[in-house]
Amino acid sequence: MIFSKKFVSDYVELNEDIKEIAEDMTRVGNEYDDARKLVSALNLIIGEVIECEMHPKSDHLHVCKINVGSEVLDIVCGAPNMRKGLKVIVALPGAVLPGGIIKKSVIRDAVSNGMCCSLAELGLDKKFLSSEDIDGIHELPMDAPVGEDPIKYLELDDEIIDFELTSNRSDLLSMIGLAYEVAAIYDRDVKEPIPSYSTVKDNFDSEVVLNVDTQNCSLFLLGRALNVTIKESPAFIKNRLIACGIRPINNVVDISNYVMLETGQPLHFYDADKVNSNIGVRMASTQEKLKTLDGVDRELTSKDIVICNKEKVIGLAGVMGGFDTEINPDTKNILIEAAIFDSASIRKTAKRILRSEASSRFEKGLDQRRTYLAMERSKELLEKYADAKISEYTHEYKVKDVEDKLIDITLDKINSILGMNINVNDVTEVFRKLDFKCEVDGDSFRVTVPSRRLDVNIREDLITEVGRIYGVDNIEARNLVAMLKPGKIDRYVRNIKERLATLGLNEVITYSLINNKDKEKFNNNCREEISVLEPMTEERSTLRQSLVSSLMEVYDYNKARSIKDVSIFEVGEIFYKNEEEYVEEESLAILMSGKYVSGINTNIEVDFYYIKGILENLLDYLGYSKRYDFVKCDDIKEAHPYQSAKVIINGKCVGFIGKVHPSIYKDNVYVLEINLTELRNINVGKMKFKDFSKFPSIKKDMSFIFDLDVQASDVISEIRKSSNKNLANIEVYDEYKMENEKSLTFTLTFSDDTRTLLEEEVMEVFNKVIYRVTNKFNAKLKNM
Amino acid sequence: MKEKLDSILLNAKEEILKSNNEVEMNVVKSKFMGKSSEFTEIMKGIGSLSPEEKKSVGVLTNDFRNSFNSMFDERLKNIKQEVLNKKLESEKIDISLPSKSVKVGSLHPLTHIRYILEDLFVSMGYDVVTGPQVETDMNCFERLNIPKDHPARDMQDTFYITSEMLLRSQTSSVQVRAMLNNKEKTPIRMVCPGKVYRRDNDDATHSHQFMQMEGLVVDKNISLADLKGTLLEMARCLLGKNTNIRFRPSYFGFTEPSYEVDVSCFKCGGKGCALCKNIGWIEILGSGMVHPNVLRMCGYDPDVYTGFAFGVGLERLAMFKYGITDLRGFYTNDMRFLNNFNRKDVE
């Protein structure tokens, strides 16, 4: 919403600098984007062209002598409309225009001591200007005073603030509303316009029948203006529209916009001779169509409020008028519509068709009093600036009268919410500044909220107002007083993240929404996916069920930048639908590639055993030590069939680990994913101390040659089974692969908590183990 | 006899000092103290001397032995030290060469911010809770006093899944859950960090996915002063102990009154600089007193209870705290970006 200082000054006295007003408005809750002069150019002067010759060395430049009062300047000008006798805007050397600083110069041997300007060159947006004003220099009226400031003369010496208003302040979408707001800040009076005009007796009351047939219209006023003269608007109307970002068209159209800016009430003018005697307001039916004033044929729905005559729809209420009944240069008589339509309906229609200055005001709600004011004001201005004769009668459809809102509140309530200690006088002062009537009874207030403040309805809204106008800068910061209790926090995920970061992995955070076609990556048994309606892009359309493909994107990004040592993890949510239920689970994924340990003469690349080691380290840390198994699996399409495994805890699969299939990555890239929601459901006992044996232990190595397919984990479990309780630990000491077989060396540690073991009893177990392993796996014992 | 022993000792001393290693030392030892040494001969002869002579010669031989041993041990000690020194010297390394190290990991900057805030609020007795990202329209809007077609929905264009399900556009939905789940309707102090989603195009200052943390306190006699105290603690914890805050009135629908909260610019201290656009203040979050309709819809009597709520974007905080200028960096995950955060920050 644009605040025009000149416009608002019609209703309230304003001496403050524009920046100061902007800052003060911000302090009461109205943020702004920009506060500036409408035309920022300086060092401009009105001049008269006293000589104008063609430049001898150019086919389009003119060499002119221009009288600017104090002197006569030589200026070279290329505008096609430059001629002797014109009054023009001259930018003197040193003038700062949006296009740059004007300097004395020599143009093809002719001296030029300034520049004659078009309005576009002063920085006015081209959309507001006529084609003459875009192509050529601006021609000032013949009575323009030479030597004066042209900006002032043209009444373009306005200052504007572009506010970003909160959605509840519909009242501020008008100059009068803005005037009330600044008046409250500076404690001044607001003078609302009091329209006056003369009327003619005609048969408007009997010639036209108004029929409102929808609940979505609560007020509809229809007036008539006869014999209008369509012409250019006076400068002040045009300039104020331009300041507020609206393009001037002609006096009649401009008046409807001017009144909207002034009162906040959008108006619609119809060419009365193209509308027949019946005006109706109703909901459209689905087969209906309307050619709107932009020339587009629109298909209507049963949710659109429309204005119609006997035969057809003539306007989309609150959004856009119809093409056929539009005001045009030949219009003589006009119908004036001032109405209030249901915000939600307008909102839906506008969202589909077009958001306009008008629709955005209807969407946020209007004050019935302003509807009446706007009707009156438009009649006044049409009489004054379009020579209209105003019909005496106004058709009126009204659901209910305007009611002022009465709200009761106590001083105690105000202070207890604001946490301040202000007195009765402070509060009444605030309401006086806001122009809210207020009856005081001891510590109680009965406040009458004017109908323009649609946002103030309950006690808390009044507290907001007191806070805004009194100011909350002085609220003391108090430490919360509440019953002492420890805050609850679940640190499970934090423990995982911190452990993995300590193990050398970088945490990443990626997007939950992925491309629908990636949903089955590393998620071959895809569940029913959850997708968003109307995704912004294909890339972000479906909620992921696995984090791995996101980590692969991070890997790709870094690799494309020659960063190949990537060891990353993410803990994030995965989403799917189970019957009618939306399920969210927590997942951990890791991707590792490139060097893991590095230094002089030491570069260790990640392989399967490193990523497995990271996972085991984490699982041990979380308390799952000795409870997990890795079971070969070859059914994940994206994984290397011989270098991947399922992770099993207590017989339950909690995730997978493996190498990315070489058809996807030529590099060695390893990934894993663990479902943390599942993992957390597996109980872990509390950390406890178990005493170690005080007696010496005995270590024995054994080495076998196996078939290539034999798994170390199977051998270990066989060793365990065939030995006794004195076997304290087994380590795989070495693996050596040959053509068709491999050797594995195990180190077995024996100990007993109560005594020193005898060599013979250890050897007995040792030999039994060797016997069982060689038999079971058809293995050969290697001589150590 | 004395002269004889003195002369042997003199020779011995000379040879001990000439010896350069343990082997040579052993040779010297056997030469002067061994079975066939002069000294051993003298010792053998003592038996045939008179008691008086025995006594005087005994003193002399004792002195000799002590002197020899002390010279010998001294020298041996020195030799061993030299050997050790040589060995140490041979093990000399260039300590300036780079280390051999496991890759250094890091937590994501948003995680750093999240944990700083979680720890602060837990220390003040707040519970840290979470809620689902796939939410109902009811919890994300309706129960927050933002009915369908409310203009405030404009501000947060939302990803819908069905007409009633959506990706939450604000962590405020967890406020609703916390109040509804509290069946005894006892006081609440909680914060809720988590991901939220809005239909924004990703650029330097927007992201369709980002992190928020919501705070909610519901109790008797809660006021704006309590909110200010809480937010001041938070601002100072994150941005330094000299930070100040100010409230600017605003509008959010689920709070009334509502305030945007600015922190004094931590770069210029409030004097005005490029970061704060010469205003001296920087907006960091939205907050307010819980709207009575919200309390009522969640089962709390607004005549008995009041509360405050705030919601803060973690990206924004991280950008200020660490000096990050492009929001996209958080989600691109360039290793060079992430490795900035591989350390413990100073408190």
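## Basis

Buried means under 20% relative accessible area, exposed means over 50%, and partly exposed lies in between. By that scale A:Asp202, with a relative accessible area of 21%, is partly exposed. The structure described here is a predicted model.

## Interface between chains A and B

On the chain A side, 90 residues are in contact with 86 residues of chain B. About 7400 Å² is buried between the two chains, and carbon and sulfur atoms give 56% of this area. Three residues, A:Ile509, A:Tyr511 and A:Met536, supply 10% of the area that chain A buries against chain B, which is more than any other three residues.

Between chain A and chain B there are eight salt bridges. One of them joins A:Arg494 to B:Asp119, with 3.0 Å between the closest N and O atoms. Strand S32 of chain A, residues 566–578, gives the most to the side of chain A that touches chain B, namely eight residues. The residues on that side of chain A comprise 39 nonpolar, 22 polar and 29 charged.

## Strand pairing across the interface

## Salt bridges within the chains

Over all chains, the count comes to 78 salt bridges. In chain A, A:Arg224 and A:Asp202 form one through their side chains, at 3.0 Å from N to O. The two residues are 22 residues apart and link distant parts of the chain: A:Arg224 is in strand S15 (residues 217–226), while A:Asp202 is in the loop between strand S13 (199–200) and helix H6 (204–207). A:Arg224 counts as buried because its relative accessibility is 10%, whereas A:Asp202 is partly exposed at 21%.

A second pair in chain A is A:Asp34 and A:Arg36, whose side chains meet at 3.3 Å, N to O. A:Asp34 has a relative accessible area of 34% and is therefore partly exposed. A:Arg36 is likewise partly exposed, with a value of 38%.

In chain B, B:Asp262 and B:Arg248 form a salt bridge in which the closest N and O atoms are 2.8 Å apart. This pair also links distant parts of its chain, with B:Asp262 in strand S8 (residues 255–264) and B:Arg248 in strand S7 (residues 245–250), 14 residues apart. Both B:Asp262 and B:Arg248 are buried. Elsewhere, salt bridges with shared partners join A:Arg169, A:Asp171, A:Glu181, A:Arg453, A:Asp455, A:Glu465 and A:Arg468 into one network.

## Surroundings of A:Pro93

A:Pro93 lies in the loop of chain A between strand S6 (87–91) and strand S7 (96–97). Its relative accessible area is 29%, so A:Pro93 is partly exposed. Apart from neighbours within four places in sequence, A:Pro93 is in contact with A:Asn43, A:Ile102, A:Lys104, A:Asn113 and A:Gly114. The C-alpha atom of A:Pro93 is separated by 49 Å from that of A:Gly318, a residue 225 residues apart from A:Pro93 along the chain.

Notes
Residues are numbered from 1 along each chain as its sequence is written. Chains are lettered from A and ligands numbered from 1 in the order in which they are written. This is a predicted model: local features need pLDDT of at least 70, side-chain atom pairs count only at pLDDT 80 or more; totals for chains, interfaces and linings use all residues. Side-chain values use heavy atoms; hydrogens and water are left out. Contact means heavy atoms within 4.5 Å. Buried area is the accessible area (1.4 Å probe) that two parts lose on being put together, summed over both. A salt bridge is a side-chain nitrogen of Lys or Arg within 4 Å of a carboxyl oxygen of Asp or Glu. Helices (H or I, at least four residues) and strands (E, at least two) are DSSP runs, numbered from the N terminus. Ala, Val, Leu, Ile, Met, Phe, Trp, Tyr, Cys and Pro count as nonpolar, Asp, Glu, Lys and Arg as charged, and the others, Gly among them, as polar. Buried means under 20% relative accessible area, exposed over 50%, partly exposed in between (1.4 Å probe, protein chains only).
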